[in-house]
Every structure is written in C-alpha cells, then in structure tokens.
Amino acid sequence: MADPIRVCIVDDEERFRDTLAKLLSRHGFSVRTAGGGQEALELLAQAPSDVIVLDVKMPGLSGEQALPLLRAACPEAEVLVLTGHASVDIASAMIAGGAADYLLKPCPTEELEGAIRAVYDRRQATRPR
Amino acid sequence: MNAKNSTKPEAGPEGFAFPPLWPHTVLAPGLAGAAVLATLLTPPAVDVALALVAGAICIGSALTLARRIRRGEGELREMDLRLLHSQKLAAIGELSSGIAHEINNPLAIITQELDLAREITADCQGLSDEDLSDARDSLREIAKQVDRCRQITHKLLNFARKMEPVLQEEALEQVIEDMALLVEKEAQGRGVAIARDYAPDLPHVRTDVPLLRQVILNLLTNALHATPPGGTITLLTRRADGQVSIAVRDTGCGIAPENMEKIFDPFFTTKEPGKGTGLGLSVSHGIVARLGGSLAATSRPGQGATFTVTLPL
C-alpha cells in the first residue's frame, strides 16, 4: 500500500481543524494540525508534509505572511489555501506566492479531499526523479 | 454612476441634446429691447403692434424657460435618487462582504461536523431503522441548508468584490454565443427557443470577458426561468453612438410595475424561498457599472421583459 498523503492543517479555528483532521484521518490521510503560522513552521521543522491546508486570516502570522516561510521551510509541500475570507486580490496574491490552489469555506470535505489529492498528484507528476 | 461629463454644454447627462438656451437668454430680450426702442421712433399705431410683439416674445421665452427649469429640476431629482440608490448598493456591498466572511467560518465548522456525523451514522448499530432514517434525513436537510447559505455568502462576496476589471478585446457575439450554448440544452428541454438577432459587423469590445459572461449567463437563466414552454428568448446586439448594447428579451410573465424599482436590489426575489438568492441581478448591475456601462430593464406585465446591457466601445 502507498504511503498516506501527509497533510498539515493550519487554521486558528480549533474545532474546524480537529474535525477536519478526524475526517481526513478516517479517509487514510496522515494529518497534523497547527493553530497558526508559527506553530506550523515548528511542526514542519520536525517532519515534512506533502500538502499544507492553510487559512488566511489568523492571529499572529497570517496565511499571507506564513506562505513564503512555509514554502521555504518545506519546499516539497504543496500549499492549498482554504479560507472564509476570500477576495480575488488575496487569492491571486497567494497563487502568485506559490500556493497550488485556493478554496472558499465552507467547502464540503469531499471537495477538499479531491483538491488535496489533485495538488498531491500534480506534485508527484512534476517532481524531479 | 458612470455618466461622463460631455465637453458639449448642450448635452444632457444621458447624452441627449437639449435645444440651445441663447434664443431665450439673448435673442428674446434683445428683440424685446429693440421693439421698445423702436416705439420711440415710430407712430402710435405701430407702437401698439411692436409692444404686442415684444410682450409675446417675452411671455413665450419666459414660458419656455420655466418649462426647461421644471424639466431640469425633475432630471436632477431623478439623478439624485439614482445616486442615492447606487450609494446604498455600495454600502450594502461593504456590509455583505463583512457578514459573508463572518458566516463562512461557522458554516465551515457545521459542514465538517455534518460530514463526520454522516459517516458515523452510516454504520450505526442499535438504533431503530426509523430513528436512523430520521437522523439521516435531518443531516441531509442541514447539509442542504448549509449549501443554500454557502451560495448566498459566495455570491455576496462576488457582489462586494472590488477587483479592477481585466480588459481584453473580444468579439461580443462570441461571448454571447458561448453563454447561449450553455443554456440552450436546458431551454430545449423546457420547450423554449433561443433566437438570435445580432447586428452585423460589430467591432470587438474591450471588456472583462469573464465578468461579462457572468452577466449574460445570469440574464439568460433569469429569462429561461421566466419563460413558459413555447416561449422564445431573443438575443439582440446593436451599435449606436459609440456604444454597443446587448439585449436579452423573453416572452415570459414580465415584471410587475411595483417590482421594477426593486429588481436590482440585493436579496430581492420573486422566486420561492430557497429557489433564488435575489443576488443575480444586483451582482450583474454592479459588474456592468464596473465595466463602464449600464444595465436597464423594461417590461410589460404578461408580455415578457427585456434586459439591456449597454457598454462603451
């Protein structure tokens, strides 16, 4: 069996990230969670992830500020932005900053899972061997 | 408001030409003055005739000026009302964006909890079949209502979007045709025909194509929902005075006169609860204004409605 996709959920809403982690774990993902950008950096320093699900509006290090730091800390991870605070400006800035995709909350778990798998597969396909 | 200041002083706010003022402000007083001066040099019988002519000129001019002032005041009042309306729409836009953002987060939590609860109840043991069926039905209904809220908040965010349009040259007919093809299948299924009446040799328009597509699709779907089987939706394009217009005309139920003023207001809908968010036309109105154009509606109840998008060339 293939290794599970390692997902790191970065969101300041505790209940949201915990339930999402529970759901993704049930569906075969290996999940870790962080309550903000700083905590995510510490987690990634311990072990890499394949996909980072990143919120935008968070106290402390916001998603926008955290994006370049997370990409530097874990270049092999794809970043999927998932936020309720959507604006086209932020979306295009995040994509220009290297995020792989941008989803708007509330997002059905199935849709989010599909997006996680899609960015993961894309990365696997384009990764230098 | 996108009314441009015209360099011609005689042009009205909508580009309509008004007759010049100088016959009343210069010519009429001049003629009247000349008639008064002439009375000093002419015999009394001619004086009376000249006085009558001078009087008639003055009265005629005064009446014309009074009528023009009244009309001007009426137009000014109408423009004030329209300005107020667009300011109101902008304020609602700001407010809705804030609300949509705040609601999306709790909705996201409800969505995850729902998905988890559904998974758990899918293999639940020990509950009666009826209870389990009720629980699943409740979860389904909650999911449906969350989805309804999701559509509202996402459209509200769209409504409040302040992005500058990205302009590109595109054949207008192509933009309209792309959207017509999207709804044509559904239209055929409902027994509604889509007719085309495109002006030949229309130049390319410089506009934000995805935004314009969104507007046309919205007008088309509205027309489709309003048109009974056997009806026709006609797509027209015209070019006039440096502008191009796209009209979507349907043979549906039309718009009641009392609703005409409200159709571009956010959340106004005549559809059943849950069937329409009441945001389509207000979003379209905002988009067309950002593209430098205008969106107008005309309707005769029972005889369909026409929505016309006018864009600068």
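Predicted model: local features only at pLDDT ≥ 70, side-chain atom pairs only at ≥ 80, totals over all residues.
Biologist: How many residues does the contact take from chain B and from chain A?

Modeller: It takes 19 from chain B and 22 from chain A.

Biologist: What area do the two chains bury between them?

Modeller: About 2000 Å², with 57% of it on carbon and sulfur atoms.

Biologist: How many salt bridges are there between chain B and chain A?

Modeller: Three. One of them joins Glu113(B) and Arg15(A), with the closest N and O atoms 2.7 Å apart.

Biologist: Which element gives the largest share of chain B's side?

Modeller: That is α2(B), with 14 residues. The chain B side divides into seven nonpolar, six polar and six charged residues.

Biologist: And polar contacts, how many residue pairs between the chains?

Modeller: The count is 10 residue pairs, both residues at pLDDT 80 or more.

Biologist: Switching to the sheet in chain B. What is the strand order?

Modeller: β2-β4-β5-β7-β6, five strands in an open sheet with mixed pairing. The edge strands are β2 (193-197) and β6 (294-299) of chain B. The twist averages 15° from one strand to the next.

Biologist: Do β2(B) and β4(B) pair in the parallel or antiparallel sense?

Modeller: Parallel, over five bridges. Ile194(B) stands opposite Ile233(B) in β4(B).

Biologist: Which strands does helix α5 of chain B touch?

Modeller: Helix α5 (residues 209-226) touches β4, β5, β6 and β7 of chain B. Its direction makes about 25° with that of β5(B).

Biologist: What about helix α6 of chain B?

Modeller: Helix α6 (residues 280-290) packs on the sheet too, touching β6 and β7 of chain B. Its direction makes about 135° with that of β6(B).

Technical notes
Residues numbered from 1 in each chain as written. Chains lettered and ligands numbered in written order. Heavy atoms only, no water. Contact = heavy atoms within 4.5 Å. Buried area = accessible area lost by both parts, 1.4 Å probe. Salt bridge = Lys/Arg side-chain N within 4 Å of Asp/Glu carboxyl O. Polar contact = N/O pair within 3.5 Å; in protein donor to acceptor, adjacent residues only side chain to side chain. Helix = DSSP H or I, 4+ residues; strand = E, 2+ residues; numbered from the N terminus. Nonpolar A, V, L, I, M, F, W, Y, C, P; charged D, E, K, R; others polar. Pairing = 2+ DSSP bridges. Axes fitted to C-alpha atoms, helices over the stretch in contact; angles between N-to-C directions.
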